[in-house]
Every structure is written in C-alpha cells, then in structure tokens.
Amino acid sequence: MTTRREFLQHTGLGLAGLTCIPLRAMGKAQNSFHTNFVFILCDDLGYGDLGCYGHPRIQTPNLDQLAREGLRLTDCYAAAPVCSPSRAGIMTGRNPTRCRIPDWIPPRSGIYLHPQEITVATLLRQAGYTTCHSGKWHLSDAEFFETRPTPGDHGFDHWFSTQNNALPSHRNPANFVRQGERVGSTTGYSSTLIVDEAIEFLHNRDEHNPFALFVWFHSPHEPIATAEYYHRLYADVEEQEQAIYYGNVSQMDAETGRLLRALDRLNLRESTFVMFTSDNGPETLNRYRGAQYSYGSPGPLRGMKLHLYEGGIRVPGLIRWPGHTQPGQVSHEPVNGTDILPTFCAIAAAPLPQDRALDGASLLPLLQGQAVDRPKPLYWRYDRALSPAKTALRQGEWKILVTPDGTGVELYNLREDPCEQVNRAQSEPTRTTSLLAELKAIHTEIENDPISAPK
C-alpha cells in the first residue's frame, strides 16, 4: 500500500510544505486580543429542524438560545447540496467544482482535497492562530488518512477526525483518528466524543494565541444512534425511527450547549465568533427502511438533500459575535459556505491568497448592518442533482436553475416565492436572459480555473 509520505512526495509537494509549523517558529507575534473562532457544522441538518427555524416538535433549547443571543440568518446556504463538496467550499472559499470534488467522497475513490488548495485553517495558522478540527472530515478517500493529506496537512494543529461517518454507528464509533494515530474503540456517542475533544483542546491551548476550533458533528446523518435520554423525549412519537432522529438532533443541541458553556467558563464568550450551520439539506432517503424520505425537515422549502431547490442548499445559520451581532438580530442577506474563509480572514487580518479565484465574500459588512459586497453571484453546480436542474445561480432576490442541455430554465423570486412554486422564466424574459448569460459565464470560468486540482 502507498504510504501517505510516499503519496505526498509523489505529488511533488513533499512534506515540508504541508507539515504543521509551530506557531513560535513562524515568527508571528503572539496576540491575545484577536477574535477567536468556533465553527460548528452539522451533517444533513434540515432548514426546518431547529425550534428557532420553526420545527413544531424537536427540542433545541441551546441553539434557540444562541439565536436569541446573536444573529439568525434566514438565507444561509451550503456550497453544495451534498457533504464533501459543501465542506470543500467552506475550507477553501472556492466553488467545490474548482477543487474537483463533485460529489460525496467514497473510500478509495481517488477524490480528496488536493494539497495545492489553500484552506482557511492554513491561513489562520499562518496569522498566528492555533487550529483544531474535531469530528467528520470527509475531504479524503483514505479511511484512516493513510495515503492522503490529513486535516493536519490542511492547516490544523490538532485534529480528531473520521474520514466520513462515525462507524459502525454514532454509538461507540471505532474509526476516529487523532493526529495520524487510530484511536480504536471508544465508549459514548460521536457528538459527545467530538465535544469532549474540543473542550480538551480549549483547556490545553496556548492562551497567548488566538484559536480557531472547527467542530463538525456527524449528527443527524442517518443511520444514527441516540442516547436513551434523548430518545425518551419523544416517547409520544409513533414512529420509533422518527423519535430516534428527533432525539439525535436534541442530543447534538445539548452537546453544542456544553461547548458554549465551556467558552463561558474559560471567559472566552466576549472574544469568540461562533457560527453554527449545516453542510446541506435533510437526507432524501430513509436509510432505515429504504423509503423515499427521512425525518429531517426542509421547513416550507422545496426539495431536500441532493436537490438544487432551496431545501437542498438553504440551511440554518446562526452567528454570535459579542459587540458586533445584536441579540435577536435577523438577516435576510444571502450567505454561503464559501464566505467562511474570506470572513474569518478579514476578522483575523489574515491575507487572502492572491494567485487564485475565490467565490466567497467577507460578511463583515453584514455584521455592520450593511449589504455584503459580493463580486459575483452565488452559484451551485451538482451534476447528480435529483432536481432537473444541475446548475443554479442566485443574484439578489432572483434565482435561476438550468438543466444540462439548457432547455429547462426555472426562474424564481425568492422574496415573494421562497418555496419556488411560480416559474417566471417566461414572464421575465429579459431578466431570464441576463441571468442565464451570467450563469454560463461563471460556469465556463470555473471549468477553466487554472488552479483547479488535477482531474
């Protein structure tokens, strides 16, 4: 078997440019007043799965409290309607097509986040941050990171990660890898283990340096396992699998609350930017019975995971940054996963890469009560989408979706019609033509990106 060292040497990049560099060795001034970052990501959590987004039954008191304390985004989007591309967009600030990650990454598929991609963790580490990833990675096809770049190679000083899902289930997973070493058997649920690691990182960090902590839950990706306490919260729900799903969301919420309370105990609330979101819409398939739909909810939106309709890409988004966000604040400004890198870099005063195209925009104007200065519209491409359209673009309140042959065009005004019920492509011919031309131009530019990973 090819080793990871041999693989990296074969790429021509070697280990020297990829290994973690101690913060003091980088010549960066230690800085105690920089903003810290905690970025919490769920897996397959639907737009309508939280109480603060209108779910009538699922109990999410901690996230509801986070919404009351900060900013709730009504138009927050994933970079793709499926996990791995969405995560690539978060990490690189680039449309996942540029990264050659078109779909979820199966083991041994030859697909992974290439070393030439520059991640937000790398940029923050270069700016003097201590970085940590805890949870699901899914940007590698190596089951135990043996032959591919690891989270450590992509900017994380400390990492405790799984290649994809927690296996054999969320209960007692045995596939975590810590700093390149297999952890083996564990006792507990994945969401608890992930937060345990995150809290330990907070306690053990160098307090003279700011930190960036990425907590990426497996929940509520199916098939799942839920602790009995949270299952019992929904004893009145007739379908046991549905009660397990609801309980899994509540268990994730409880662990999020535990992490936020740890920030409070360490007096880090006021200096920490916290963001919570999901990698895509709710699961389309029920993995328990093979039925068409799972128990996740897109709320009122059309479509689910794997669709380019809103239910596949619009996700919950909560931000708390004391002194910048206001309690109970709500924003309808469109936000995308690709915005994370430019936003965090703007806050941290970390220079952006100048040798490649970025698709995200800094959200600092939004946090200052202004519109985001977005140089290009939001754009999605997913060739295996269950929706007829495989590409979509949003500019302002308008969204256009297009089939691969260009004959199927849908146009929606998302302010008037967020559920995408009235196709206005025929009644708005000028707007349709303009947006179609813009979509095609972005599509072509991304296809020809000179920095893209090798095909």
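Which residues is Phe-214 in contact with, leaving aside its neighbours within four places in sequence? The legends below describe close-up views of a predicted model.

**View 1. Surroundings of Phe-214 in the largest nonpolar core.** Beyond its neighbours within four places in sequence, Phe-214 is in contact with Phe-39, Met-91, Val-120, Cys-132, His-133, Ser-134, Phe-156 and Phe-344. The largest nonpolar core has 49 residues. Phe-214 is among those with the most contacts inside this core, along with Phe-37, Phe-39, Met-91, Phe-273 and Phe-344. Six residues come from helix α9 (residues 340–348), which gives the most to this core. Another core, of 44 residues, lies apart from it and includes Leu-193, Ile-199, Phe-201 and Val-237.

**View 2. Crossing of helices α2 and α7.** The axes of α2 (residues 61–69) and α7 (residues 240–265) come within 7 Å and cross at roughly 55 degrees, which means that α2 is oblique to α7. On the α2 side, Pro-61, Asn-62, Leu-63 and Leu-66 take part; they meet Met-252, Asp-253, Ala-254, Thr-256, Gly-257, Leu-260 and Arg-261 of α7. The contact comprises six nonpolar, three polar and two charged residues.

View 3. β12 is joined to β13 (residues 391–395) by four bridges, and Arg-381 has Thr-391 as its bridge partner in β13.

Methods: Residues numbered from 1 in each chain as written. Predicted model: local features only at pLDDT ≥ 70, side-chain atom pairs only at ≥ 80, totals over all residues. Heavy atoms only, no water. Core = buried A, V, L, I, M, F, W, Y, C linked by side-chain atoms within 4.5 Å. Buried < 20%, exposed > 50% of the residue type's maximum accessible area, 1.4 Å probe, protein only. Helix = DSSP H or I, 4+ residues; strand = E, 2+ residues; numbered from the N terminus. Contact = heavy atoms within 4.5 Å. Axes fitted to C-alpha atoms, helices over the stretch in contact; angles between N-to-C directions. Parallel < 35°, antiparallel > 145°, perpendicular 65-115°, else oblique. Nonpolar A, V, L, I, M, F, W, Y, C, P; charged D, E, K, R; others polar. Pairing = 2+ DSSP bridges.
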